[in-house]
Amino acid sequence: MGTIIGRYILPHPPVLIPEIGKKQIKEAKKTAEAFASVAREIAEKKPDTIIIISPHAQFFRDYFFISDQPRISGDMSQFGKKNILLGFDNHVALARAIAENAKANGIPAGSMEHKILLRQNMDYDLDHGIIVPMYFICHFYQDFRLVPVALSGRSNTDHYRLGMAITEAVQHSDCRVVLIASGDLSHKLKEDGPYGFAPQGPEFDDLVETLLIQGDAASLLNFDNHLAEKAAQCGLYAFDILLGTLEGYNFTTEVLSHEGPFGVGYMVAKIREKEKAPSALARYNEICEANLSHSVERESFPQKLARQALRYYLETGKEMEPPQDTPKEWLEHRGGTFVCFKNRGDLRGCIGTLRATHPNLAEEIISNAVSAGTKDHRFPSIHRGELAELSVTVDVLGPIEDIDSEQALDPHRYGVVVSGGGKRGVLLPNLEDIDTVEMQIRVAKHKAGINRFRPVKLQRFEVTRYGEEV
């Protein structure tokens, strides 16, 4: 029976590699020392396999890439150092077992043909999120095979459940495994940093560290995605996968170092499995159900209808009819509607119609709810396990009006339609971070694939919004 003998969180700053960082290394001395400590500890444990999760590996919206190539390698040419090249034998059998366990639990995962990767401008090479940690580990220990695991655009709970699939695969092997979650914290800790400063940066770093030290996996699963986005971090979902390998157990976290000398948060930590405990995933689901119950109580009829429509479709594969208790106003009036779903602050789908395409508003909402949840090409389809995590807004559109100039727009009051070159883009009003007319038009053009400098026809509309801001 195989076992995971060590779990670590490691950042991946290229500046720590002497040939790249040179004198700057002194400014991240604590991180470098903590890296060396972890590398020596791994050498003492003598794992035969290292599984490393990287947020910069081959990323797909609805698929976890787990390479099954016999030999895998990568370099630091992205940072001007082709001569820093690392190569490893892959534990192919374990990689495939992880993928099969994931797929058996409804999580798409596995390797991919090279020609398919090439179409996405990808290859099998290891990224710097893997090369940087392995650079230090290989200075102390090299007698292992490597299994690289990528993140995906799927939900935080699917990342956690992938961790559970990893545990199952390891247990059914004869491997002694060290697991590494490679990930930086906020990239917005300093005004003079590469990404500037945001107050959410330090807040994010402190909260992640606190929850890890408290051993609170459920709260990490329930992390505010809006805060994570504003902090511009890259490690949270990698941490979720690591925590998924601890499902059913308590754990402790020892933070060896945590600093942000260049405006990016670097945390080095080791996670130790403790005694058996109630399921963190079950606790998280209870939190979601309680939040959902509270939210639904306060939802308006169109919000409840959109939520019910998506649930019905996911359970039956069919669009529902308007419920018998539908108020007359939603059956007697027609119009365009937009339905938007979010998962803990992250947009998961938003689709609508500018004008009526169905006999009444109720059917318009039902149709657009199904499309927003399953046909928005920007996101993987929402699955049944996410339903309790979703918030919903419904916009009912007023008349579409032609306008002569940008001066007739107000991003807080009016939505905009831009048309040009046979393309059309729509942006709803009162969206977070859309504060100017210029930005509103630019984003609408981008959505439509229209060059930002191309003249377009402008139209505007008002909405009645049910729910919070989109």
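This is a predicted model: local features need pLDDT of at least 70, side-chain atom pairs count only at pLDDT 80 or more; totals for chains, interfaces and linings use all residues.
**Exercise 1. The disulfide**

*Solution.* 
Step 1. Apply the cut-off: the two sulfur atoms must lie within 2.5 Å.
Step 2. The count by this rule is 1 disulfide.
Step 3. Locate them. Cys340 sits in strand 12 and Cys350 in strand 13, 10 residues apart.
Step 4. Check their surroundings. Both Cys340 and Cys350 are buried.
Step 5. Return to Cys175. Cys175 is in no disulfide, and the nearest cysteine sulfur, that of Cys138, is 18 Å away.

**Exercise 2. Strand partners**

Work out how strand 11 pairs with strand 10 and with strand 1.

*Solution.* 
Step 1. Start with strand 10, residues 249-259. Strand 10 and strand 11 run antiparallel and share 9 bridges.
Step 2. Pick out a pair. Glu254 faces Lys270 in strand 11.
Step 3. Look at the connection. The two strands make a hairpin, with 6 residues between them. In the turn, Gly263 has a positive phi of about 90°.
Step 4. Move to strand 1, residues 3-10. Strand 1 is also antiparallel to strand 11, with 3 bridges.
Step 5. Ile9 has Ala269 as its bridge partner in strand 11.

**Exercise 3. The largest pocket**

Describe the largest pocket: its volume, its lining and its residue classes.

*Solution.* 
Step 1. The volume of the largest pocket is about 1,200 Å³.
Step 2. Its lining has 40 residues. Nearest its centre are Glu229, Gly345, Asp346, Leu347 and Phe379.
Step 3. Name the elements. Those giving two or more residues include helix 10, strand 12, strand 13 and helix 15. Helix 9 provides the largest share, 5 residues.
Step 4. Sort by class. The lining has 20 nonpolar, 9 polar and 11 charged residues.

**Exercise 4. The second largest pocket**

Which helix gives the most to the lining of the second largest pocket?

*Solution.* 
Step 1. This pocket has a volume of about 640 Å³.
Step 2. Its lining has 26 residues. Ser295, Leu390, Ser391, Val392 and Glu468 lie nearest its centre.
Step 3. At least two residues each come from helix 11, helix 12, strand 12 and strand 14.
Step 4. Helix 11 gives the most, with 5 residues.
Step 5. By class, the lining splits into 8 nonpolar, 9 polar and 9 charged residues.

**Exercise 5. The cavities**

How many cavities of 30 Å³ or more does the structure hold?

*Solution.* 
Step 1. The count is 2.
Step 2. Take the largest cavity. It holds about 60 Å³ of space. Its lining includes Phe65, Tyr124, Ile130 and Pro148. Strand 8 gives the most, with 3 residues.
Step 3. Sort this lining: 8 nonpolar, 2 polar and 2 charged residues.
Step 4. Take the second largest cavity. It holds about 40 Å³. Arg307, Leu310, Arg311, Phe341, Leu387 and Leu390 line this cavity. Helix 12 gives the most, with 3 residues.
Step 5. Sort this lining too: 4 nonpolar, no polar and 2 charged residues.

Key
Residues are numbered from 1 along each chain as its sequence is written. Side-chain values use heavy atoms; hydrogens and water are left out. On a 1 Å grid over the protein atoms alone, a cavity is a set of points where a 1.4 Å probe fits but cannot get out, and a pocket is an open set with protein on both sides within 12 Å along at least five of seven lines; lining residues have an atom within 4 Å of a point. Grid points are joined across faces, edges and corners, and a volume is the space filled by probe spheres set on the points. Helices (H or I, at least four residues) and strands (E, at least two) are DSSP runs, numbered from the N terminus. Ala, Val, Leu, Ile, Met, Phe, Trp, Tyr, Cys and Pro count as nonpolar, Asp, Glu, Lys and Arg as charged, and the others, Gly among them, as polar. Buried means under 20% relative accessible area, exposed over 50%, partly exposed in between (1.4 Å probe, protein chains only). Two strands pair if DSSP finds at least two bridges between them.
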